[in-house]
Amino acid sequence: MDNQRLFLYGALALVLMLIYQQWQVDYGPQQGVPTEPAQITATVTTDAGEEEAVPAAPGSVKPVVVEAKAGETVVKSQIIDVVTDLFEIKIDTNNGTMLQAKLRNYPVSLEQKDTPIAIIKDETDGALFAQSGLTPAKGLAIGIKKPIFYVDKDRFALEEGADELRVPLTWTGDNGLVLTKTFVFQRGSYLIGVEQALQNNSSAEWSGSFFGRFRLIPREMEEPGLLSGARSFTGGALSIDSQKYQKVSLDEIKEDWSKEQSGTNGGLIKSKGGWTAMIQHYFLAAWIPSQEETNYYSTSYSGKTDSHYMNITEAQKTVAPGESYTFQHGLYIGPKVQSVMEEIAPNLERTVDYGPLFFIAQPLFWLLDKIHGVLGNWGWAIIVLTIILKLLFFKLSEKSYKSMAKMKKLGPKMKQIKERHGDDRQKMNQAMMELYKKEKVNPLGGCLPILVQMPFFLALYWMLLESVELRQAPFLLWIVDLSIKDPYFILPIIMGATMIVQQKLNPAQMDPTQQRMMMLMPIIFTFMFLWFPAGLVLYWVVNNLLSIAQQWVITKKVEREGDNPKPKKTKKAKA
């Protein structure tokens, strides 16, 4: 019955092991065997000149691939630059594909403050493209032939004082169709409008659908702040009627995830509204269709280029001769800030994945955010949050520390029992139980309060790990980024030292083997915390310091009560 501290450390070690295992699931390298691409009936030609699957509404056919014209002039593909207050963007006029989107307010690292991070990109750590277009309906004689758009300049910039920037690209077909694809940027917004206005100047009606997709070509690259060899989760996500939020790993994309989900519907999942996205640790890119329209979602894979696709296709629209129709959609490219995303589309804020304990992590982040709003420093906000949590569990901790203090006080008597019955374990345990009963001590009284707090520790762990607000957030002195490990390992070492102090306050173990194990615990935990985010270690250090102070006061109080027992109240005799 003298194993409660060993039990508690073992439970905490199990929690940390579960954290590491879940980390490997969510942030470990993605592996898998390529499979055949999903059979989707429409195709387009990529920038590399090869044909790849494109989502198509039921019944559509493959469009013809030809060069576009503007009047009588053959238009060649070109790259145009777009600069706003938030973005640095490159768009290829071939299909109007977005090749690059850099976030000007989010540098790659503290060492490269002038280099904005790229979300849409073709770089050494992976390629991601945002593609969109119109797919004709089945049996249609006229179609949107591979559009190479015309644009009158190669650079667009949001002017000072302007709130909006429109970037129009125009394609004119020899069949009487005119398509104007316009990217609309709003000052201060990461949501980009994508308008595709189709003017039908032909003598026949045109029917077809909007499609949007993300093309991801992953490459392995270790990220700063994560365990050696690990990388943050990169993969798909979507929101549909049947699944308000669903992550789709790269392995699942290769294995025709949408075909399995849709059953006999050819790999297309029908849903009203929704969205599809490619996500990474702190950022995402998401196609946001009308939430009132019927849309079709799918995944696909090309083994030839190792391309993973998250696709969306809108229900068909018909444009009569002499009429026009504008397809309007949103493209969100930016940080996973919940307050921003919840205003854009339902469930988009759930891409900030707090794991199974989100119902605890979410209120914790809300409180942390409010504290930061007052203090202006995320490190101090973590400290204040730790104090609040400590006060919340004050009574539970008090019971735990009182139990430990009483156990420590019984140390000499327990030692005598061990010396007297050490060879007979049954008699020793029986004598221990009698001692506990006599002294009114519960040897496991300190376990439950600490176990109750463990879900909060887990929730806080995921909250601190997933919150982009802590990315590159400084605290004090050498802690310049709370989202990555302490560069000098000072906080983990302090944390280990506080564990040693706590051990001194706890009752000593009777078993020499257990004593040696307890001595190793601070070393083991210090080593494990070396690679944890500095913000989480800061929480643990402050929590340990507060626990030491509380336990020391309670232990001294119990010792004083033992030295000066209160006299028992006696009833006065009646006269």
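Q: Where does E314 sit?
A: E314 is in strand β21, residues 307-314. Strands are DSSP runs of E with at least two residues, helices are runs of H or I with at least four, and both are numbered from the N terminus. This is a predicted model: local features need pLDDT of at least 70, side-chain atom pairs count only at pLDDT 80 or more, and totals for chains, interfaces and linings use all residues. Residues are numbered from 1 along each chain as its sequence is written, and side-chain values use heavy atoms, with hydrogens and water left out.

Q: Is E314 buried or exposed?
A: E314 counts as buried because its relative accessibility is 3%. Buried means under 20% relative accessible area, exposed over 50%, and partly exposed in between (1.4 Å probe, protein chains only).

Q: What does the side chain of E314 make a polar contact with?
A: The side chain of H329, at 3.0 Å. A polar contact is a pair of N or O atoms within 3.5 Å; within protein, one must be able to donate a hydrogen and the other to accept it, and residues adjacent in sequence count only if both atoms are side-chain atoms.

Q: Switching to salt bridges. How many salt bridges?
A: The count is 8. The rule is a side-chain nitrogen of Lys or Arg within 4 Å of a carboxyl oxygen of Asp or Glu.

Q: Which residue does E195 form a salt bridge with?
A: R166, with the closest N and O atoms 2.7 Å apart. The pair links distant parts of the chain: E195 is in strand β13 (residues 191-200), R166 in strand β11 (residues 164-172), 29 residues apart. E164, R166 and E195 are linked in a network of salt bridges.

Q: And what about K247?
A: K247 meets D353 in a salt bridge, 3.1 Å from N to O. K247 is in strand β16 (residues 246-248) and D353 in the loop between α4 (338-341) and α5 (358-375), 106 residues apart. D353 is partly exposed, at 22% relative accessible area.

Q: Now the helix. How many residues has α6?
A: Helix α6 (residues 378-392) has 15 residues. From first C-alpha to last, α6 reaches 21 Å, close to the 21 Å expected at 1.5 Å a residue. The expected span is 1.5 Å times one less than the number of residues.

Q: Which residues of α6 are buried?
A: Among them are W378, I382, L385 and L389.

Q: What happens at the start of α6?
A: A side-chain oxygen of N377 comes within 2.8 Å of the backbone nitrogen of G379.
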